[in-house]
Amino acid sequence: MANSLLRTDKEIAEIYGRHKDMTYRICFAYMKNIMDAEDVIQDTFCKLIESGTAFESAEHEKAWIIRTATNLCKNALRYWWRRRESLDDYEAIQAKDVFEIDDTFNAVMALPDKYKTAVYLYYYEGYDSTEISKLLQKPQSTIRYYLSQARKILREILGGDLSGE
């Protein structure tokens, strides 16, 4: 494993540039507010610097960042004071111009975390169920079940037919 001191500032900046928007969307999907999402993004890239992980490919790099950001979000949400916060302010993300918030996105954000993560990675990041199962370290059949259940819930919330996947 490479020493973190061997990774240059330029390399860190390049990795950050490639993955900052995706990491922001993932963190915001969990944290529901800009400040907490930014804190977790910072922690994610600090972990990258500390770990000195040598990536085998661009996909390995992306998967590592997704997994780390997701785990850090889940850890942050375990604190008792997080359960007492209002989640109504997540529309403020539009100020970042990262992506458009519409009724579909609001419905996805209302899903339980296990479904929300799978749907986000599938529809917003373009991963297939095999890749998601590796990222989340769950069986592929579980991921397909999550996507199926999420589609049912979204149909109820949004109405209409979502079969145009």
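**Helix packing and the nonpolar core**

In this predicted model, helix H1 passes helix H5 in a right-handed crossing. H1 spans residues 9-31, and H5 spans residues 113-124. Their axes come within 11 Å and cross at roughly 160°. Angles over 145 degrees count as roughly antiparallel, so H1 is roughly antiparallel to H5.

The contact involves named residues on both helices. H1 contributes Met22, Arg25, Ile26, Ala29 and Tyr30. These meet Asp113, Lys116, Thr117 and Tyr120 of H5. By class, the contact of H1 with H5 holds five nonpolar, one polar and three charged residues.

H5 also packs against helix H4. The axes of H4 and H5 come within 8 Å and cross at roughly 145°. On the H4 side, the contact is made by Thr104, Phe105, Val108 and Met109. On the H5 side, Lys116, Val119 and Tyr124 take part. Five residues of the contact of H4 with H5 are nonpolar, one is polar and one is charged.

In soluble globular proteins, nonpolar side chains tend to be buried together. Here, the largest nonpolar core has 42 residues. Cys27, Ile66, Leu111 and Leu121 have the most contacts inside this core. At least two core residues come from each of H1, H2 (34-51), H3 (58-77), H4 (103-110), H5, H6 (129-136) and H7 (140-158). H1 supplies the largest share, ten residues.

Leu111 illustrates these contacts. Leaving aside residues up to four places away in sequence, Leu111 touches Lys116, Val119, Ala150, Ile153 and Leu154.

Notes: Residues numbered from 1 in each chain as written. Predicted model: local features only at pLDDT ≥ 70, side-chain atom pairs only at ≥ 80, totals over all residues. Heavy atoms only, no water. Axes fitted to C-alpha atoms, helices over the stretch in contact; angles between N-to-C directions. Helix = DSSP H or I, 4+ residues; strand = E, 2+ residues; numbered from the N terminus. Parallel < 35°, antiparallel > 145°, perpendicular 65-115°, else oblique. Left-handed = near helix turned anticlockwise from the far one by under 90°. Contact = heavy atoms within 4.5 Å. Nonpolar A, V, L, I, M, F, W, Y, C, P; charged D, E, K, R; others polar. Core = buried A, V, L, I, M, F, W, Y, C linked by side-chain atoms within 4.5 Å. Buried < 20%, exposed > 50% of the residue type's maximum accessible area, 1.4 Å probe, protein only.
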